[in-house]
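I recorded what I looked up, in the order in which I looked.

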Amino acid sequence: MSFAQWAASPGPGVGGHEGRIYRACNIGKRFGPVTVLRDVDATLRAGRVLTIMGENGAGKSTLFKILAGQLRPTSGHIELDGQELSLGAPSAAHAHGIYLVPQEPMLMPELSVAEMMFVGHMPTSGRFLKRVDWRAIRSRARAVLDALELDIGIDRPAKTLSIAQLQLVECAKALLHECRVILFDEPTSPLTAHEVETLFGIMRRLAGDGYTLSFISHRTEEVMEISDDIVVLRDGRMVGAAERGAFDRASLLSLMVGRELRTVSRRTKSHVTQELALSVKGLTHEPSFRDVDFSLRRGEILGLAGLIGAGRTEIAETIFGLRQVDRGTVKLGNTDITGVPSHDLIRRGVAYVPEDRGRHGAVLPMTITENITSSRMERVRQTAGLMSRGHETEIGAKAVRDFRIRCAGLDQTLLELSGGNQQKVVFAKWISTEPRLVILDEPTRGVDVGAKEEIYELIDRMAASGTAVVVISSESEELVRLCDRVLCIYEGRIVAELAGEEITPQSVTASYVGGSQARDAEFEKAGA
């Protein structure tokens, strides 16, 4: 079924609306004494894409949660087609055809994809004895996934999906329930360039069909590509609003951060020593990757490049003891750590900052201090077996200062922080253990342009102190900025190694998506 055929087909939901005008009017929001939004206006128009930009903590996600009925504004109101709305819950927003595609997709691991898409909206059949209409669930779920050209099996367990696939399924859910106002909260942060283009193609078709769309992104190139209108927030206030043509990249960044940003360029000073920090020989975990060989020296920053699914994260998780080693060896210095469990590796000075902070990197209902000290509890002073609350607070306060975490206080839960500040807490949690080796999987995912450079400087400081660093990143510019060497991964194999000035965005991308002599030579050698 084509997209046009699916969009015209009958189904559950509001339907019948050619488009909506959705407006935030003088919105203010406070959490206790902390003011997050002040007098924010934004208008979402049918057939157009409105992008909300701003640094982490600027109030973007809070505004979206108000528009989606998850939060009530402290002041101001929202209007749909000129009528003031009072939304007490997301279900009320859904009833008006408003849907939020979240930054961190909801996961019910044991459900199938089709079941997850219909949670809370299960269709029933039967005149007297109502039963779940599984045939309708399967046919509608398959139809919308096919219409969006998403190759995801409807019977597949949700727990087997990557974070990128979960994000795309959330987009499909919005259309499945025929919501005409769709809010995308940083949907592209976990996606590859190809997946972003797929999503943008979907958004363009939706806008052309009269849907009302809004989008949050930190990436200025994406904003300039997809937006019709742009609103810029800084410290909870609207500091710019106009059609896309009124802005260029420099003016957007200046509005976001309130200062001129210096151009991010390649590191000119290397901290690599001769001392071996990590040695990987013939490492294999079928079917994810096989026969991986590389070494890493103290003070070196090594990048792993490749498409999502190429095996980068699986390599990192196997080194960190989260996956079984089928064959091969891993040595930390001269010590064999092959198959050593992760809790033991942490004590030996290995840290791993995972890509998905919501599932693996943090405990969102816990406080900032509790999250930061959870990786080093044995280092917190104890009396009669009880940890010192004062020492915990001291460690938390230092991390908040060092990592410039925007928060109302150390007792604030991570659920209340912006995505970028959650990422900083996860980063602080592991870096505070003073590791010998640290593996960073997409360390700046969901982090705004102003905070990215702060994290780059932290990584550079780690290398200068002698820490060996592995960086997995889907952004080639990030690898160029940070790395002494880059290993390019394709279908579970290292197909190219780049060093120094060889590392450019073009050479990195070419090495793992095609057109690279290095990759072709490697494939010939491997008999592929």
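**Entry 1: helix 6.** I began with burial. In this predicted model, I found 14 of the 14 residues of helix 6 buried, so the helix is largely enclosed by the rest of the structure. I then checked its length: helix 6 covers residues 163–176, and its 14 residues reach 20 Å from the first C-alpha to the last, close to the 20 Å expected at 1.5 Å a residue. After the helix I noted E178, which has a positive phi, near 55 degrees.

**Entry 2: the chain as a whole.** I next looked up the totals. The protein chain has 19 helices and 24 strands. I noted that 54% of its 528 residues count as buried.

Entry 3: I traced an open sheet of 6 strands in the order 6-9-10-3-11-12, with mixed pairing. Strand 6 (98–101) and strand 12 (237–243) are at the edges with a single partner strand each, so one side of each is left without a neighbour in the sheet. From one strand to the next, the twist averages 15 degrees. Inside the sheet, I followed strand 3 (residues 49–53) and strand 10 (residues 212–216), which run parallel and are joined by 4 bridges. T51 has F215 in strand 10 as its bridge partner. I also found helix 7 (residues 193–208) packed on the sheet, where it touches strand 3, strand 9 (181–185) and strand 10. The direction of helix 7 makes about 150 degrees with that of strand 10.

Entry 4: I looked up the pairing of strand 15 (residues 301–305) with strand 23 (residues 485–490): the sense is parallel, over 4 bridges. Opposite A305 I found C488 in strand 23.

**Entry 5: nonpolar cores.** Which residues touch the most other members of the largest nonpolar core? Of its 44 residues, I found these to be F427, L440 and I459. Helix 16 (residues 449–464) supplies the largest share of this core, 7 residues. Apart from it, I noted another core of 42 residues, including I152, L166, I202 and A207. Returning to L440, I listed its contacts beyond four places in sequence, among them V353, F427, I459 and M462. V469, V470, V471 and I472 are also in contact with L440.

**Entry 6: L296.** Finally I examined L296, which lies in strand 14 (residues 289–297). Is L296 buried or exposed? It is buried, with a relative accessible area of 0%. Setting aside neighbours within four places in sequence, I found L296 in contact with residues including L276, A277, L278, L302 and L437. A468, V469, V470 and R485 are also in contact with L296. I checked one of these pairs along the chain: L296 and A468 are 172 residues apart, and their C-alpha atoms are separated by 6.9 Å.

Note on methods
Residues are numbered from 1 along each chain as its sequence is written. This is a predicted model: local features need pLDDT of at least 70, side-chain atom pairs count only at pLDDT 80 or more; totals for chains, interfaces and linings use all residues. Side-chain values use heavy atoms; hydrogens and water are left out. Helices (H or I, at least four residues) and strands (E, at least two) are DSSP runs, numbered from the N terminus. The expected span of a helix is 1.5 Å times one less than its number of residues. Buried means under 20% relative accessible area, exposed over 50%, partly exposed in between (1.4 Å probe, protein chains only). Contact means heavy atoms within 4.5 Å. Two strands pair if DSSP finds at least two bridges between them. A nonpolar core is a set of buried Ala, Val, Leu, Ile, Met, Phe, Trp, Tyr and Cys residues joined through side-chain atoms within 4.5 Å. Axes are lines fitted to C-alpha atoms, for helices over the stretch in contact, and angles run from 0 to 180 degrees between N-to-C directions.
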